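Let's take a friendly walk through a protein structure together. Have the sequence and the 3D view ready, and look up each residue as we come to it.

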Amino acid sequence: MTNPANLLAVLVGPKQFELQNRPLLDSPLKDDEVIVQVISTGICGSDFHTWTVGLPSPVALGHESAGVIVELGSGVKDRSVGERVVIEPGYPCLKCYFCIRGQPNTCSNMKHFSIPPTDGTLCKYVRITAIMAVPIKDTVSWIEAGCVQPLAVAVQLGRRANIRAHQTIVVFGCGALGLLIMAVCKAYGAKRVVAFDIEQSRVDFAVKHYATDGFLVPRDIQGDSMAFAKEFMTARLKELGLSFGVDVAIEVTGAESALQMGFASLRAGGTYVQTGLQHKPPRVPMLQVTTKDLTIVGTVRYTPGCFEDAVDLVDRKLVDVSPLVTSTYPLTKTQDAFEAQSRRGDIKIVIMNQE
Ligand SMILES: [Zn+2]
Ligand SMILES: [Zn+2]
């Protein structure tokens, strides 16, 4: 068995990476494991947040990766050396109450790449359970493959919110995940997908590639934000010819104002979806939940089959992830990549792990 020399981009303090060399295996490869040579890794908003605040103990960051299988455990029969795969970054225990009820995304014992003590995938090689290596076709480029994990999160959102043809949908937040959610909504046949963001360049990007319409939202709202949300959304929906309200509102920013605009935009019987992380408790117009007969949906990570569905969307060219990737950096320049991300010029950066 080989034990490849590994290079990892370890976050040792806030905004501080250190490249560390250590052999991959500290124990023999298990029967059900494979070794993957990592080729590409997308940087996501949560990696970036972690980079800015640091971690309780140093680990390599990264969890949106793809690569090539270079070694099989003795019991692995349904994968092969040389096979191209995307990597599922979460390890549900498959034993707890939630796992056995089919909700491994809410596993009580979840191990996840880049959450201490588990190193992430900003490295040259990883060892993973074979079932976490999802095959991809040769037609999917490595850069596209680096976007499959967040696309799987968008697929899960589509399942949870029951996104389907002919719907009208508003999405708050034009970062990479928001854009992928818009792409999935369109791929599923939504009639209108309307993007909102506080930066005009991001709204323009969304409308160019993924949304049918887009609007700038003011950054600082004076006075009663709830009243503003109602007034602002009533005007925008009228412009769109959607005065009765939309079917689905999806919040991807974690901002209280976006949440309030989401509720204000919904028609009676509509669905509100929360995927942005709120760092302080927001004011929520709960009265509308009753009076408008709304459904509220939460969504986290992904469930079995979401990766396969995400790969299928890319493979059949129903979702084009390539415009999202605005820069690539070699693994050895990970620090530069995160500094570039902090300047907010990029939509999505992909690290090339072997460079
Ligand atoms: Zn991510
Ligand atoms: Zn579990």
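## A region from the record

Where does UniProt place the feature "transmembrane region"? The UniProt entry, which is unreviewed, puts this feature at residues 169–189. Keep in mind as you look that this is a predicted model.

What does the chain do over residues 169–189? In the model, this stretch is 57% helix and 19% strand.

## The zinc site

Next, find the zinc ion (ligand 2). Cys93, Cys96, Cys99 and Cys107 coordinate the zinc ion (ligand 2), each through its SG atom, at 2.3 to 2.4 Å. Along the chain, these donors follow the spacing C-x2-C-x2-C-x7-C.

Which geometry does the site of the zinc ion (ligand 2) have? The site is tetrahedral, with angles of 102 to 119 degrees among the 4 donor atoms. Cys93 has a relative accessible area of 21%, so Cys93 counts as partly exposed, because buried means under 20%. Cys99, with a relative accessible area of 10%, is buried.

## Rings that pair up

How many aromatic pairs does a search of the whole structure find? The search finds 10. One of them joins Phe228 and Phe232, whose rings are stacked, with 5.4 Å from centre to centre and 20 degrees between the planes. Both residues belong to helix H7 (residues 225–240), where they are 4 residues apart, about one turn of the helix. Phe232 has a relative accessibility of 10%, so Phe232 counts as buried.

Now compare the rings of Tyr302 and Phe307. Their centres are 4.9 Å apart and their planes meet at 75 degrees.

Phe17, Phe48, Trp51 and Phe338 are linked by ring pairs into a cluster.

## Charges over rings

Let's return to Phe232. Arg236 lies over the face of this ring, at 4.8 Å from the ring centre. Another place to look is Tyr91: the charged end of Lys111 sits over the Tyr91 ring, 5.7 Å from its centre.

Key
Residues numbered from 1 in each chain as written. Chains lettered and ligands numbered in written order. Predicted model: local features only at pLDDT ≥ 70, side-chain atom pairs only at ≥ 80, totals over all residues. Heavy atoms only, no water. Phe/Tyr/Trp six-rings, centres within 6.5 Å; stacked < 30°, edge-to-face > 60°. Helix = DSSP H or I, 4+ residues; strand = E, 2+ residues; numbered from the N terminus. Buried < 20%, exposed > 50% of the residue type's maximum accessible area, 1.4 Å probe, protein only. Lys NZ or Arg CZ within 6 Å of the ring centre and 35° of its normal. UniProt positions renumbered as here; feature names shortened; annotations may be inferred. Donors = N, O, S within 2.8 Å, 3.2 Å for Na, K, Ca; no water. Tetrahedral: all angles 85-135°; square planar, octahedral: opposite > 155°, others 65-115°.
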